[in-house]
Amino acid sequence: MMNRREALLGIGAGTAGVLAGVRPFRYWADTLGTVSAFEPDVDIALVAAPDAVQLRPGARTRVWRFTGSVIKGAANSVQAVPNSYLGPTLRFKRGQKVRIRFRNNLAEPSIVHWHGLDVPELADGHPRFAIAPGAEYVYEFEVINRAGTYWYHPHAHGSTGKQVYQGLAGMLVVTDDGERALALPSGNEDLVCLLQDRTIDSGNQFAYLAGGMMDQMHGLLGTTMLVNGQERASFALATRAYRFRILNASSSRVYKLTWDDGTPMTVVGADGGLLARPLQQPFLTLAPSQRADVILDLSNHAVGTSIQLRSAPFTGSEVSIDESGMMGGRGRGMMGGMMGGTAGTGTPNGASLLLMTVQVSRKEQSAFRLPAQLSNYGPEWAEQAGAPVRNISLDFRAGQWLLGGRVFDMMGVAPDEIVRAGSTHIWEIKNVGGMMGQQMAHPLHVHGTQFRVLSRTRPADATTPAQSVREGLVDEGWRDTVLVMPNDTLRLQLRFTQFPGMYLYHCHILEHEDAGMMRNFKVTA
Ligand code: C2O
Ligand code: CU
Ligand code: CU
């Protein structure tokens, strides 16, 4: 059934692709005298447009950037990231009603998705809602998510990877009273870190898919690490505790994060907000689109010292295996050689990387104590014994990565992809890989919900050589993205959104998503 707005937009059955020249749906509604009763607490304008920034000496780097402004609501609802071309951090409180007027001033279609948020279908940024250059799309939703670290990025089909690569990404932080009562580091002690890798050419420009089809097959890997859009990023901090909201906003790179002085990674939050209790571990594996909130307490560090956030080395074949020789896995294969060394032009996954430096630059008194109990996962966390189980394979056939044996179809929904609003299902995700031995770790993402990872298993005879990435994996807490390692089987318990409509699940390696490792699922009323 189409609702009235959909009918007006012509986005019912059979219509796919870009809605050229479409005006915001509110415009139509207003014209017809059916003004929605939606009264926003926060009203924001967000524009995507080309710009140029001084990243390196010499030529300015052309970027695409989000800029935002507050029409109504607290001034800090839109907070620019210092010295960065990345999108502003949007800060909302749970329960707020938000309107975002997105204007596309790019030369190509685009649409924005609020990654991790549970919002009505029309506010989710499905690619079929992509708007033409010059057009505006008005989002209206209530923030019902838990306090946590979410983010936003374009979702135009086939060009998500490129648009994010050009700079279109930003953080979206949700707060609530329960979290505030914990007195975690806030204000100037609450910092965002967007991790990305880019290949910057000799003319100082971002070179998307510099590795050609190898980048599309394996996911793009860059050569330069950027934190908040800066090379060799550095934070000058005081001797107190900080909360780093870390987002892996890279196309396909997996980070194995560690502080180089042996300080453990103290993880307090995942994709869907605070963990029940803090975790302390030497490494933290972060897959594309995953978030981790990390506390770094500098109160016992001497002024003048510094700490590096690094990605520790691991064996690249843990996350990308290609025994076929046909596809040129990272320069080993026949085609990689034939293509004149275009395979693997980026720094491979597993390389030891410097991400950023924290300089302890001034003495300040602080009495921070990390609470032993952080949050309660709520009644949905309980295991639902009788929930329907769906099996979904991740594999590779005929030159394509497949999700449940299928590729993306803009309006297509298969019978096993239809679920009832608010129902709970178990998805059993199995990473089987291709017949010729191509296998990759795929970060699987589901829209409109946060799920629980019930289990992660692998056959006893699994031949994956090393276990290094696994030692940093955090499957705890509410998640919207999980890294399905080669040979793994994951059981996820999902409680679907209460909002009927068509949503997406996909691999968050952006090149895999763009190539069709994505599917709709339909939530019925
Ligand atoms: Cu972060 Cu469907 O996306
Ligand atoms: Cu999403
Ligand atoms: Cu993938």
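Author: Start with donors: N, O and S atoms within 2.8 Å of the metal (3.2 Å for Na, K and Ca); water is not among the atoms, so sites may look incomplete. This is a predicted model, where local features need pLDDT of at least 70, side-chain atom pairs count only at pLDDT 80 or more, and totals for chains, interfaces and linings use all residues. Residues are numbered from 1 along each chain as its sequence is written, and side-chain values use heavy atoms, with hydrogens and water left out.

Reader: What spacing do the donors of the copper ion (ligand 3) follow along the chain?

Author: The spacing is H-x64-C-x4-H. His 442 sits in strand E28 (residues 442–446) and His 512 in helix H7 (residues 510–514), 70 residues apart, so this pair links distant parts of the chain. Helices (H or I, at least four residues) and strands (E, at least two) are DSSP runs, numbered from the N terminus.

Reader: Which atoms coordinate the copper ion (ligand 3)?

Author: His 442 (ND1), Cys 507 (SG) and His 512 (ND1), at 2.0 to 2.2 Å.

Reader: Is His 442 buried or exposed?

Author: Buried means under 20% relative accessible area, exposed over 50%, partly exposed in between (1.4 Å probe, protein chains only). His 442 is buried, at 1%. His 512 is buried too, with a relative accessible area of 1%.

Reader: Which element gives the largest share of the lining of the largest pocket?

Author: Rolling a probe the size of a water molecule over the atoms shows where empty space is left. Here E13 gives the largest share, 5 residues. Strand E13 spans 233–238.

How values were computed
Chains are lettered from A and ligands numbered from 1 in the order in which they are written.
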